[in-house]
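Keep the sequence and the structure in view as you read.

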Amino acid sequence: MVAQAKQLDSINLLLEKASNSELYTYNQRFTFTIQSERLAYDLKIDSLILKSQIYLAALYEEEHMYELFLKTNSFNIRQAKRMDDLKSLANIYAIRGNYFYSRQSDSSYYYYDKAEKIYNTLNDAFNRSVMLLSIAIIQKN
């Protein structure tokens with residue numbers, strides 16, 4: 001149990017580092033994310049695997065690796081659905097909506113709408129409002 005607790009702490013520390021673009025380069029943050037993903041797979045903890053994959057998708061998008069971003073994002077949608085993790089699913093849909101915003105507004109609308117419905121189910125008024133505003137902006141344009 002102590003070893004597993006240390007690995008959990010390691011995963012959280014790696015993901016914290018992976019999110020810090022001020023202190024770490026892209027390559028370092030990518031390495032941290034891959035390391036956290038491997039540890040999560042070793043521990044067989046689906047929620048941490050998904051969390052690592054969400055970070056990985058963000059890094060792909062940051063570096064304009066859009067094919068890998070979309071592939072990883074699709075994997076994350078399937079995982080969140082399988083786990084019935086509505087909060088993560090809504091966040092993933094919102095991220096996907098952001099990706100499509102300047103590319104295909106109808107796709108962006110679709111994902112924002114899906115996220116909004118889940119945020120509404122979760123009684124997350126703030127994120128629901130963000131999605132409704134994003135939808136309104138698309139409709140205005």
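Q: Does F32 count as buried or exposed, and at what relative accessibility?
A: This is a predicted model, where local features need pLDDT of at least 70, side-chain atom pairs count only at pLDDT 80 or more, and totals for chains, interfaces and linings use all residues. Residues are numbered from 1 along each chain as its sequence is written, and side-chain values use heavy atoms, with hydrogens and water left out. Buried means under 20% relative accessible area, exposed over 50%, and partly exposed in between (1.4 Å probe, protein chains only). F32 therefore counts as buried, at 12%.

Q: How many aromatic pairs does a search of the whole structure find?
A: Rings of Phe, Tyr and Trp (its six-membered ring) pair if their centres lie within 6.5 Å. Planes under 30 degrees apart count as stacked, over 60 as edge-to-face, and the rest as tilted. The search of the whole structure finds nine.

Q: What angle lies between the planes of Y24 and F32?
A: Y24 and F32 form an aromatic pair, 5.0 Å centre to centre. The pair is edge-to-face. The angle between the planes is 90 degrees.

Q: Which helices hold R29 and E62?
A: A salt bridge is a side-chain nitrogen of Lys or Arg within 4 Å of a carboxyl oxygen of Asp or Glu. The side chains of R29 and E62 meet in one, at 2.5 Å, N to O. The pair ties together parts 33 residues apart in sequence, because R29 lies in helix α2 and E62 in helix α3.

Q: How far apart in the chain are D113 and K117?
A: Their side chains meet in a salt bridge (2.9 Å, N to O). D113 and K117 both lie in helix α6, about one turn of the helix apart. Helices here are DSSP runs (H or I, at least four residues), numbered from the N terminus. The separation of D113 and K117 is four residues.

Q: What span should helix α6 have?
A: Helix α6 has 17 residues, 105-121. The expected span is 1.5 Å times one less than the number of residues.

Q: Which helices are included in what covers the buried residues of α6?
A: Among the buried residues of α6 are Y111, Y112 and Y119. Contact means heavy atoms within 4.5 Å. The cover includes α5 (86-101) and α7 (125-140).

Conventions. Helices (H or I, at least four residues) and strands (E, at least two) are DSSP runs, numbered from the N terminus.
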